[in-house]
Amino acid sequence: MRAVIVVTVLLMTMLSSALADAECSQRSLRFAIIPKTNKTVEVLLLEYQPLLTRLSTALGIPVEIVPASSYESVIDAIVSGGVDIAWLGPASYILARQRDPRIEPFASLTISPGYFTPAGHHYQSLLLTRRQDASSLEALRGSQVALSDPASTSGSVVPNAEFSAQAGLPLTQFFSSVVYSGSHDKSLDALLDGRVDAAFVASVRVDAYLNSGRITRDTFNVLWRSTPIYYDPYVFGGSLCPLLKERIRAAMLNDQQGLASFLKAQNASSIVPASHEEYEPLLQLMQQQPIVR
C-alpha cells in the first residue's frame, strides 16, 4: 500500500509539472519600456541587449523589445497582454494595476549617486528654471511650465498633487500655460531652448544630462522638490505563468556581474526585488488626487 501511495504522489507531481510546462508554452517574451528619454529604439536595444540575452538564455525563448510611443501605450500593452514584462513609472504601474490587479512589480533599480539624486531606491520630482530666469516660486507665477506625460509620476502626477497643495492652486491656475512634452528629456530640452519657462522632471534624468555634459550644476535653479518616490518597477503581465516569473526573477536578481553594462547605461548599481508595498503611498496620493489628462 505504501509503495502505491509513493507512486501515486510521484505521478501527481509529474502531472503537475507537465501542466505547468504546458501553461508556459509561449514561444517568445515581449518587453516594453516607458519612453522617459529621447533614446531611439536602436539605442534602447543596444543598452538592453545584455539583459535581453540573459533572459533569453534563462527562458530558452527569444526576448524582444516592443517599441512604445507613450506611457499610455505601455500601460495598454501590459494590461491587454500585448507584452509580458514592462518597465513602468510608479504611477503608470498603479494605473495598470487598477485595470488588471494581477499585474505585479517584481524588481527595481538601485540608483547610482548623483548631484540631484542620492544613491538608493528613491528619486524626486524637481521644478526647474534656467539659472538666468525666475529664481523664486513667486516670480514663476503666471509663466509656462512643461510636464512630461499625464501618466508620469514625477513629470505630472506628483506635481499636480504635491506642488498644487503647497501653492494652494491647481497647476493650471498657478501657471499661465501647462504643456505636455512627451518625455522628461523633451521637457529638459524645451527648458534649455527657452521654449518653456519651467519644467517638472525626474531628478534622475537631470543627473543623466549632467553626467553626459549637456548641463552643468549651475544650469538650472531648483525651485521645488517633491517627497521621495520609490523608483520605477519592472512588472509582470497578468497572464504570465508562474514558472516563467520564477525564472525571470532569478535571471534578473542573481549574479548581476554580467549585467554591468546594462546597469551603467541605466545609471544604476544593481537590480533589487520590489513589491506593491513600495508603491502604496503613491496609490494613496493618486486616490486623493485623480490624474489630470
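Colleague: How many residues of strand β9 are buried?

Modeller: Five of the five residues in β9, which spans residues 198-202, are buried, where buried means under 20% relative accessible area with a 1.4 Å probe and protein chains only. Strands here are DSSP runs of E with at least two residues, helices are runs of H or I with at least four, and both are numbered from the N terminus. This is a predicted model, in which local features need pLDDT of at least 70, side-chain atom pairs count only at pLDDT 80 or more, and totals for chains, interfaces and linings use all residues. Residues are numbered from 1 along each chain as its sequence is written, and side-chain values use heavy atoms, with hydrogens and water left out.

Colleague: Which residues sit on each face of β9?

Modeller: A198, F200 and A202 lie on one side, with A199 and V201 on the other. In a regular strand, side chains alternate between the two faces of the sheet.

Colleague: And which strands pair with β9?

Modeller: Strand β6 (residues 125-130) pairs with β9 in the antiparallel sense over four bridges, and L127 stands opposite F200. Strand β7 (residues 144-147) pairs with β9 in the parallel sense over two bridges, with V145 as the bridge partner of A198. Pairing requires at least two DSSP bridges between the strands.

Colleague: Switching to helices, which residues of α3 meet α4?

Modeller: Y71, E72, I75, D76, I78 and V79 in α3 meet S92, L95, A96 and R99 in α4, where contact means heavy atoms within 4.5 Å.

Methods: Buried < 20%, exposed > 50% of the residue type's maximum accessible area, 1.4 Å probe, protein only.
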